[in-house]
Amino acid sequence: MSFNRPDQLLKLNDPFDICIIGGGATGAGVALDAILRGYKVLLIEKGDFASQTSSKSTKLVHGGVRYLEQAVRNLDWHQFKMVYKALHERKTLLKNAPHLAHPLGLLTPCYTRWERWYYRIGMWMYDKISGSTNLKSSRGLSKKEIQLAFPSIEPHHLRGGVLYYDGQLNDARYALAILKEAERLGACILNYARLDSFELGQKSLKIKKVVFTDLRSETKYTIPVKAVVNATGPFTDAVRALANPRLKPRMKVSRGSHIVLPAEFWQGDTALLIPKTDDGRVIFVIPWRGSVLVGTTDDPDTLSENPVILESEKEYLISYFNRYSAKKASIEDISATFVGQRPLLQVQLDSAMNTDTKSLVRDHEVEVDGRSKLVSIMGGKWTTYRVMASDTLDVLEKEVLRVALKPCLTKDHSLIPLASVELPLGIPEDIAVHLAELYGPAAGEVYAYGAQRLLPNEPYLAGELVYMKEHEMAETWEDVLARRWGISLRDESLAAKLQATKKEAFAS
């Protein structure tokens, strides 16, 4: 079978042990962990895979420098544990899919002697907490060294800096790689499948069946399951209410807005960490697939499926970029914008919700509803998706299935696709790089579907559309442009040109 919807629909005749609601990073991680533990798995996603928070991140695999600073300043053990877990997961993410994730150098500029010592000690702690999983040791730099190595930075008042290392990932395709591997091992994975309701038992009120609609055909399915995992991120409370209307809301939403600029505004492959802003945030300037990503904001928000950036957020991010960049940008230079909504866990159920989302812990919690036995994985971050999944399965086995805990096998489970066709020698370099970055060893197989360019001087191929339809469950142009290629998040003008080339290839 191939990874397409018709083949997945055929699997719905099979019995399932676990149904996962949500096809982002967390749901994908739970699906892979569960299938490796020997369970029959069904995953349904209302939209496209990773179409919400998981594809609208800052693209970093990181422990969280700011969270470490908060942990030390406030003697906060919970923040420290979260940073520790994330730092020890970075290397695993990079190792399991090296074509989709890689180390990234980040420069922290310093403008006083005190800052040089302060950030140098902080990054030294960051390295030490990482232990044997550290990607590369941080080091202090003089002003002269920075000016020679990083000419893009504004040198005015600069006294030196600290270079440290985290990771960068293609978030949407990484989530897709996890899902494809879970499907290859036997899971049924469906996008555009909307959860409608749960059927509960007569006496225990435990969930017995999941009712959902295939939005592509409007066919309704009722599937018996033994357990259900709610992995819907910011939308967690809506699913909890379907299972048990008496449950109190647990989630708070924070908006993370980003702007994207052309590559000319930040030369090189090293990112910049702006360690403090007037309102206590941090901002990253990150080279990203031929563009420059600047973000992010961190403000309370109202839950939305399609959040749009505000003009004030564009001005805020441009303003900070221009403080640190030698080449100044304007609002008109922005090539794309996107907003991700972070699922932050509100711990105190009976108190008023904290309005300062910057102060909320980004850790996760696994909740089991005592009545319906719905398992909800709440909070967390991209970097710890695998730990979140492991914790979820452990709780599910103990409290819902009531079986002995099975080992988590995802830490050393490769997500690198098997190569069946070699990429031909002599093909244009831009196409070779593009295919290798997106498909890894499967690049040759994708190229075999057709080498015709969709636009002159652009590496995107007509054959990729066929491959995405048959092997990546892309159903719409938005699936292709925003997530399989990620173009509409980097260059809205190019996305519009590509959409005009082959509109008939996908339904709108």
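**Figure 1. Overall view: 58% of the 508 residues of the chain count as buried.** Buried means under 20% relative accessible area, exposed over 50% and partly exposed in between (1.4 Å probe, protein chains only). The model is predicted: local features need pLDDT of at least 70, side-chain atom pairs count only at pLDDT 80 or more, and totals for chains, interfaces and linings use all residues. Residues are numbered from 1 along each chain as its sequence is written, and side-chain values use heavy atoms, with hydrogens and water left out. The chain holds 15 helices and 19 strands. These are DSSP runs numbered from the N terminus (helices H or I, at least four residues; strands E, at least two). The C-alpha trace spans about 70 × 60 × 45 Å along its principal axes. The radius of gyration is 23 Å, in agreement with the value near 23 Å for a compact globule of 508 residues. That radius is taken over C-alpha atoms, and the globule rule is 2.2 Å times the number of residues to the power 0.38.

**Figure 2. Close-up of the largest nonpolar core, with 48 residues.** A nonpolar core is a set of buried Ala, Val, Leu, Ile, Met, Phe, Trp, Tyr and Cys residues joined through side-chain atoms within 4.5 Å. Ile18, Ile20, Tyr174 and Val229 have the most contacts inside this core. Elements giving two or more residues to the core include strand 1 (18-21), helix 7 (171-184), strand 11 (227-230) and helix 10 (385-401). Helix 2 supplies the largest share, 8 residues. Another core, of 28 residues, lies apart from this one; among its members are Leu158, Leu163, Val292 and Ala329. Leaving aside neighbours within four places in sequence, valine 229 touches residues including Ile18, Ile20, Val30, Ile377 and Leu396. Contact means heavy atoms within 4.5 Å.

Figure 3. Two strands pair if DSSP finds at least two bridges between them. Strand 11 and strand 19 pair in the parallel sense over 2 bridges. Asparagine 230 has serine 376 in strand 19 as its bridge partner. Axes are lines fitted to C-alpha atoms, for helices over the stretch in contact, and angles run from 0 to 180 degrees between N-to-C directions.

**Figure 4. Close-up of the open sheet of 3 strands, in the order 8-9-10.** Its pairing is antiparallel. Strand 8 (193-200) and strand 10 (219-224) form the edges. Neighbouring strands are turned by 25° against each other on average, direction ignored. Strand 8 pairs with strand 9 (residues 207-214) over 7 bridges. Phenylalanine 198 has valine 210 in strand 9 as its bridge partner. Helix 8 (residues 236-243) lies across strands 8 and 9, at about 30° to strand 8.

Figure 5. A cis peptide bond joins glycine 295 and threonine 296, with omega about 20°. Alanine 50 has a positive phi of about 55°. This alanine 50 is buried, at 2% relative accessible area. Lysine 373 also has a positive phi, near 65°. Lysine 373 is partly exposed, at 24% relative accessibility.
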